[in-house]
Amino acid sequence: MSAKDNFIKVKHLYNRAGFGISYPDLNKLSKRNINKVVDGLLQEPKKDDAITLVNDGESRRQMLVQAGLYAKKDLTDDEKKMRREIVQMQNEVSRDLNIAWVSKMINTDSPLREKMTLFWHGHFACRSNNPMYAQQLNNIQRQHGLGSFRTLLIEVSKSPAMLQYLNNQQNKKGKPNENFARELMELFTLGRGNYTENDIKESARAFTGWTYDKDGTFFFRKNQHDDGTKTFFGKIGNFEGENIIDIILDKPETATFISRKIYKFFVNDTPNEEHVKELANHFYNAKYDISEMMRKLFTADWFYSPENVGTKIKSPSEFLIGLSREFFVTYNKPQVLIQLQSSLGQYLFNPPNVAGWPGGQNWIDSSSLMLRMRIPSLVLNDGEIDFSGKADPEDEAVIALSRTATTMANNTKKPKSYVNAQADWPKFLDTLPKGLTPVELTEFLLQPKLNDKITRMVADNKGLRSTAVEITSMPEYQLC
Amino acid sequence: MNRRNFLRNTGFVAAGSLFVPAFMKPLEAMALDELSLYKNLVVVQLSGGNDGLNTVVPFGNDIYYQKRKGIAIKPEEVIKLNDMQGLNPNMQALQEIYDQGWMTIINDVGYPNPDRSHFRSMDIWQTGSDSNQFLSTGWIGRYLDSNCQTCKFPYTAIEVDDSLSLAMKGQTKKGIALKDPAALYRNTNDPFFKAMLKSDKEHLDEDNLGYLYKTMIETQSSASYIQNTSKIYQSKSTYPQSGFANQLKTVSKFISSGLKTRVYYVSLSGFDTHVNQINQQGNLLKQYSEGMAAFLKDLKSNNKLEDTLVVTFSEFGRRVEQNASNGTDHGTANNMFVFGGKLKKQGIFNSAPNLSDLDTGDLKYQLDFRQVYGTILDKWLDVNNGDILNKKFNTLDFI
């Protein structure tokens, strides 16, 4: 294999398994055998890498006050004010949490770990108004994202964020709430068509009593738990939640469902069922070890075949993080990252519903594509963006509160927003080898193969900087 | 200028007319008489869950006053429509519209097993799904996908906003979002983007790159068409000063200049009134009503009102009983408004909400919102609603 082939392979690997790669790293890794490079990715630092932005002590204190206020019937004006302020603080911390994670992805030394976290974030899609819960869930997805799927699934199922989101707090003996049991099978493990309504009913009973306490810690409420006999997939027993999960994992359909989703995320929007089967068998036989599945995937020949290279539409996160990482971008007003995510249709921690983001061509419509093609020049050239975005429905309450008769008249004047970011051009240019031509830079920055048109467009370019801005503004840059 | 250069200068058609793919076919192909039969739908979304009971007030029902001691609208303030229901006093501007017979109120529209989350319920309304079904395409998007006679062009559906709502996204076709046609035109005609599109027939295949180029070309061609068609039009009507009225003014400009768009989508947000509802909702209803009244009169003066149908919805209504903060919490069924110059049933369409027969404090729905969509699809957009809504819904008699 030629060095050039390996150069393309490693670049592809890092685009899919991470958020791109710098020129010097690519140069260095291209000299190694690709299996060794994959090993390297999987052996990323396993140190405790949790996000610790949200202060648990402070959050718990607020939750206690909040619970007290909710329990009271008639609130004084001061108490009402306090309740509003807590909600406002939580919203603010939620935004900070979003930015903390995006910054982490931009700066991480463990790109695969963050990419897996992003995958599980979409798979176990969840919204929580409580930033402490949201952070907990995100850390679970990071900690176990390359570990045992069983552990990950149980930890997610026991997290307050998910228990709350899927109404398991209301799932009680004699009064089951089936929401969690249904999504567990439909979206998290087996997929539609692989279970019956009766399986949902019976398993919901097994999860009764799975709640969390006022500190945000999982708590098994024995008195709300239905410990009677359940019939689940033909098996009869006094099943607890963990038993149900084990029966679900025993079914190869679960391995297939997860593998197909992994394939669609890392390889191609259109799954090749042969490859999915290969992956699923391996995953199942490896007892749901996620690292083993990923190793299999990244070392498979088909992963590097032309139909899978430079053909996937980047998600908004992949696009924004890749761009920011490549050019060492500093956001002077990091809030703009939230606005961009929201305008591009992937506001992290706020998936559209429990099914997550649909992905693929769904990311692209006329407005999101035009915006995507403008963002590089705005980010890299410190431009202004005249884009006010759409209010998030969950922010409606805040909007309603802030709307008063006096501000109404000003509503027609929409606030201007500024990307207000800068790339570190000297640092970027320093990573490139001396004498690199615009065409070679294009080859490095784009994943799709160069065609004549693009080659012609950049061949006569004078500078690498202007070339970089041009390339990143191309439709081809939307692919990875 | 030779023919080749001329084509090049007109933008995307550089590939030469022989190679123009079907989706880029020029609009001139459409006969003029088709134009005059053009019917428009305008969807107005009130985001946040508008409190329908303080919008169309059941002043004839004592239960309303018992349950809403702090926020009920006094009978003498209500704009009475019959002896049971009337409009919120902030909706004065709509009285004339109502009296003209241009407005229909449909009470208690909802769906089985309602969801009280803004997100989920908005998704359900925008996709037309059941409450336990997750669809990634919107009902208007699927109308675009259906490839019907009336939905051929990429600008068949326009949302006057910065980003495109799920309602407008189909599997293969999507509506277009724009706030300002001139800005989109400038953007898509950026010299760099134009250069990207030069002689690009090699990219127009079915893969993802082809899809990106196709979207780009459609956006550019739509932007040019919209800008060139609408720029000459000058509205003579005055609109109130609000963002919402501006959106409607843009829609009116598009309709009145003869744009061949079938569906327009606009929204007004801020209706999540958990606290001190009276003023907040009042301001929004005033904005809504004044904007709508100006819009409808503008259309009337341009002879477009008979070709236009406007429908207003919100993702849910609110609970019958107010909360302790003089606001209301998330509820279920809600009223919808239909406006137009050719309504079959004008005024109040069905009976007022039954406030004594509630489902744990919430209104029970009388009509499924997909019956309303189904009626519009069948009778206004001339498609079979079963093809779009995944099952057939009975139509209603408001049009």
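Mentor: In this predicted model, the centres of domain 2 of chain A and domain 3 of chain A, taken over C-alpha atoms, are separated by 27 Å. Domain 2 of chain A contributes 14 residues to the contact and domain 3 of chain A contributes eleven residues, where two residues are in contact if their C-beta atoms, placed from the backbone, lie within 7 Å. On the side of domain 2 that touches domain 3, two or more residues come from each of α6 (111–123), α8 (149–157) and α12 (241–250) of chain A. Helices here are DSSP runs (H or I, at least four residues), as are strands (E, at least two), numbered from the N terminus. By class, this side of domain 2 has six nonpolar, seven polar and one charged residues. Ala, Val, Leu, Ile, Met, Phe, Trp, Tyr, Cys and Pro count as nonpolar, Asp, Glu, Lys and Arg as charged, and the others, Gly among them, as polar.

The assignment for chain A lists domain 1 (3–42), domain 2 (56–250), domain 3 (252–308) and domain 4 (316–478); such bounds come from an automatic or database domain assignment. Residues are numbered from 1 along each chain as its sequence is written, chains are lettered from A, and ligands are numbered from 1, in the order in which they are written. Local features need pLDDT of at least 70, side-chain atom pairs count only at pLDDT 80 or more, and totals for chains, interfaces and linings use all residues.

Helix α3 (residues 34–42) and helix α15 (residues 290–299) of chain A have axes 10 Å apart and pack at about 150°. Axes are lines fitted to C-alpha atoms, for helices over the stretch in contact, and angles run from 0 to 180 degrees between N-to-C directions. α3(A) and α15(A) are therefore roughly antiparallel to each other; angles under 35 degrees count as roughly parallel, over 145 as roughly antiparallel, 65 to 115 as roughly perpendicular and the rest as oblique. Their crossing is right-handed, a term for a near helix turned clockwise from the far one by less than a right angle, with anticlockwise giving left-handed. From α3(A), A:Asn35, A:Val38 and A:Leu42 meet A:Ser291, A:Met294, A:Arg295, A:Phe298 and A:Thr299 of α15(A). This contact has four nonpolar, three polar and one charged residues.

In the second pair, the axes of helix α5 (residues 77–107) and helix α16 (residues 316–326) of chain A come within 8 Å and cross at roughly 55°, which makes α5(A) oblique to α16(A). The crossing is again right-handed. A:Val102, A:Met105 and A:Ile106 of α5(A) make the contact with A:Ile321, A:Ser324 and A:Arg325 of α16(A); by class it has four nonpolar, one polar and one charged residues.

Between the chains, the contact takes 49 residues from chain B and 49 residues from chain A. On the side of chain B, elements giving two or more residues include α5 (118–127), α9 (208–230) and α11 (277–301) of chain B. α9(B) supplies the largest share, nine residues.

Chain A averages a pLDDT of 90, with 91% of the residues scoring at least 70; pLDDT is the predictor's confidence in each residue, from 0 to 100. Over residues 383–389 of chain A the pLDDT is below 50, and that stretch has 23 contacts in the model beyond near neighbours in sequence. For chain B the mean pLDDT is 88, and 89% of its residues reach 70 or more. The model scores ipTM 0.89 and pTM 0.84.
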